[in-house]
Amino acid sequence: MKKAILAWCFQYATAIGVMFLLAAIWHALVVLRGIEPIILPTPLRVLEAAIRERETLFKGFLATGMAASLGLTLSIALGSLIAIVFSQSKTLRSAFYPYVLFLQTVPIVAIAPLLITWCGYGAHTVVLVAAIISIFPIVSNVTAGLISVDENLKDLFELHQATRWQTLIKLRIPNAIGSLILGMRVSTGLAVIGAVVGEFFLGTGVAGYSGLGTVMIIWQNRSRTDALIAVVFVSTLLGLAMLGAVNLGTRLLLRRWTVGQNFENE
């Protein structure tokens, strides 16, 4: 236990040390090269801007976090449902999987304006963009988990004349839990990216809504580079916070199916 705590402290102390080293290099580069603050401010100026605009950043953190969380939840529910359908028929999987792949390959910046045109200006469009960009890892991973069951167990279920539903509930879905967790981890970061991109296109068009993407647009127009970089760091913190929440939630709720798969040690 003590060894594990020391390893954990060393891991995070190393990461924090690298962060301070990069900040020192950044500061030295700006000072020695005489770079104008409007192009690249020093880390201290960014920190001052973050403290000065803490209320705006906190509100943006909450708004974007809510949109990304709802988009991720939607993608998990819809993606898992699609994966279950795919696992039941090879023909359906062959026919529709390329269209799911389309969601992964098409640039989200190309379809976001269309979504705003079709769905209107509102937070619901941001949620939809976040769901679309984060659904593919769920579908891909869960489908793989559902169809890659042990052949011996599959034969055993057939020997006992298990129905298709019983095989799905008692064999395929438990086998896919680990794949679902991996897909959720990838989709978490994508959901944050999708929410911010959706807010870029909404701009300031929604009264009372000011997510991190909206704040970025406003401060970019005002040439506030220090505050703009602060938003980038807050967006990164949001992604890390959501990833931590997903890891905690899966450990608490899905531990029964992940024992022995090394998820606890990651």
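Accessible areas were computed by the Shrake-Rupley method with a 1.4 Å probe, and for residues only the protein chains shown count as cover. On this basis the protein exposes about 15,800 Å², of which carbon and sulfur atoms supply 69%. The structure is a predicted model, in which local features need pLDDT of at least 70 and side-chain atom pairs count only at pLDDT 80 or more, while totals for chains, interfaces and linings use all residues. Residues are numbered from 1 along each chain as its sequence is written, and side-chain values use heavy atoms, with hydrogens and water left out.

The protein has 11 helices and 0 strands, taken as DSSP runs (H or I, at least four residues, for helices; E, at least two, for strands) numbered from the N terminus. Its C-alpha atoms fill a box of roughly 75 × 55 × 30 Å along the principal axes. Of the 266 residues, 39% count as buried (under 20% relative accessible area, with exposed over 50% and partly exposed in between; 1.4 Å probe, protein chains only).

Leaving aside residues up to four places away in sequence, Val142 touches Ser80, Ala83, Ala176, Ser179 and Leu180, a contact being heavy atoms within 4.5 Å.
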